[in-house]
Amino acid sequence: MSLDLERHLVAKANEAFQPLTANFELTPVCNFNCEMCFIRMSRHETEAYGGIQSADRWIAIASQLQQMGTLFILLTGGEPMLHPEFDRIYTTLRSMGFIMTLNTNGTMITEKMCRETFKEKPRRMNVTLYGTNPDTYERLTHNRNGFEQTMRGLRLLRDYDIDTKINLSMLQINGEEYDQLMAIADELGFPVVSNSYMTPDRRKTCATPCHTLEARLSPQEAARLDNLFHRYKQAGEYPTYARNAVFKAEEGTPSDEGVTLSCRAGRSSMWIDWQHHITPCVMMEAPFVDLATGEAHSVTTPEALRRGMVDISDIHTPVSSQIVSGDIAAAWQWLVHECLQLPSIDDCKGCRLKHICQVCYAAAIHEKQQYGSLGYLCKMAEGSLEYLKQPH
């Protein structure tokens, strides 16, 4: 599918509030224990919350989504390939005609999987590369063998000509390896996306300590690495990009809007977590619908949410009898309605830097919960402006 066609489909789906994309979080279980992860649970912890859902249940959900016009499905986790029925889930959904993408740490990829499971290839494999050596992997993921396993998986994907993208999650632990990480991606011939901002999110079900606040980069260093990626991505167009961004920041009209849920979440995309709760995105635990019970949960009072004074999963339960258990279409309609009611977060009003800022609705909520303000994101945006001003 061409990029232009995909953009057209997304635009039409956004207008129609059609769930073009669904993200299936197959399991929170992972063979890594990353410093910044807000999802990971052990098998024992997962069982204590009722356990993961069977392949039959995921396939049943996909069948309903197919009738609703969903075209794209992302399989993710945790590590999705640790789901005991992963092969069946992937091959069945692929045979149903869905365009499949996978998020993975790459350690579980085998030659047999490339040859058989992915005989009908996914649209893309997104593989996160956390470092350039076993020492970094041990410190960041707490799995020393992860580096060699990931590199082996990446080489298999290359050898079997499976479209792959490398994702970089930059923290203090691996920040000095940025150039080396980019060099690995270039050597393998894979495109790369670098993320220097880590949201301070943490799910209530996640019993594993999350150290995002301690592990993430300073806002100034995050801005520097973000700028390096823009230089890489824009290549020869970077000088024009930088000049336009600086001009808009210094001469443009300040934003008169707060932060709203303005992305695809709850408009043309949904997240279905491992417990079969439908939410707008991975970073928003509410509003949500529990497919097993049909119970629908709203975010707490708009004013409290606007101030960021409550946990986004501190929720109340409205009348839920209108939603039949397992009815994805009804759950989606309810979710869309709730997302449209979410109030704006007004901290960004009057800002000239929103076009170079990493802020989104969920990130704003979590930053305010942790710090009481969006100060980290503001400092990161200010740093980005300074780097954009530097000689090209």
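Ala, Val, Leu, Ile, Met, Phe, Trp, Tyr, Cys and Pro count as nonpolar here, Asp, Glu, Lys and Arg as charged, and the others, Gly among them, as polar. Before you start clicking: this is a predicted model, where local features need pLDDT of at least 70 and side-chain atom pairs count only at pLDDT 80 or more, while totals for chains, interfaces and linings use all residues. Residues are numbered from 1 along each chain as its sequence is written, and side-chain values use heavy atoms, with hydrogens and water left out.

**Stop 1: a pocket among strands**

Select Glu6, Phe72, Ile99, Thr101 and Arg123. Of the 14 residues lining the second largest pocket, these are the closest to its centre. (A pocket is an open set of points on a 1 Å grid over the protein atoms alone, where a 1.4 Å probe fits and protein lies on both sides within 12 Å along at least five of seven lines; lining residues have an atom within 4 Å of a point.) The pocket holds about 330 Å³ of space, the volume being what is filled by probe spheres set on the points.

Now colour strands E1 (21-25), E2 (72-76), E3 (99-104) and E4 (124-129), the elements that each give two or more residues to the lining. Helices (H or I, at least four residues) and strands (E, at least two) are DSSP runs, numbered from the N terminus. Which strand gives the largest share of the lining? It is E2, with three residues. By class, the lining has five nonpolar, four polar and five charged residues.

**Stop 2**

Zoom in on Gly77 and Gly78: the peptide bond between them is cis, with omega near 25°. Gly78 sits in the loop between E2 and H4.

Next, show helix H3 (residues 55-67) with helix H4 (residues 86-95). Their axes come within 9 Å and cross at roughly 20°; axes are lines fitted to C-alpha atoms, for helices over the stretch in contact, and angles run from 0 to 180 degrees between N-to-C directions. H3 and H4 are therefore roughly parallel to each other, a label for angles under 35 degrees. To see the contact (heavy atoms within 4.5 Å), pick Ala55, Asp56, Trp58, Ile59 and Ala62 of H3 and Arg88, Ile89, Thr92 and Leu93 of H4. That set has six nonpolar, one polar and two charged residues.

**Stop 3**

Bring up helix H7 (residues 146-159) and helix H8 (residues 178-188), which pack at an angle of about 30° with their axes 11 Å apart. That makes H7 roughly parallel to H8. Look for Met151, Leu154, Arg155 and Arg158 in H7 meeting Ile184, Glu187 and Leu188 in H8. Four of these residues are nonpolar, none polar and three charged.

Then click Asp161, in the loop between H7 and strand E5 (164-169). Asp161 has a positive phi of about 55° although it is not a glycine.

**Stop 4: H10 against H15**

Select helix H10 (residues 219-234) and helix H15 (residues 375-389). They pack at about 45°, with axes 8 Å apart. The contact residues include Ala222 and Arg231 of H10 and Tyr376 and Gly383 of H15.

**Last stop: another cis bond**

Finish at Pro287, in the loop between strand E8 (277-279) and strand E9 (288-290). The peptide bond from Ala286 to Pro287 is cis, with omega near 0°.

Methods: Parallel < 35°, antiparallel > 145°, perpendicular 65-115°, else oblique.
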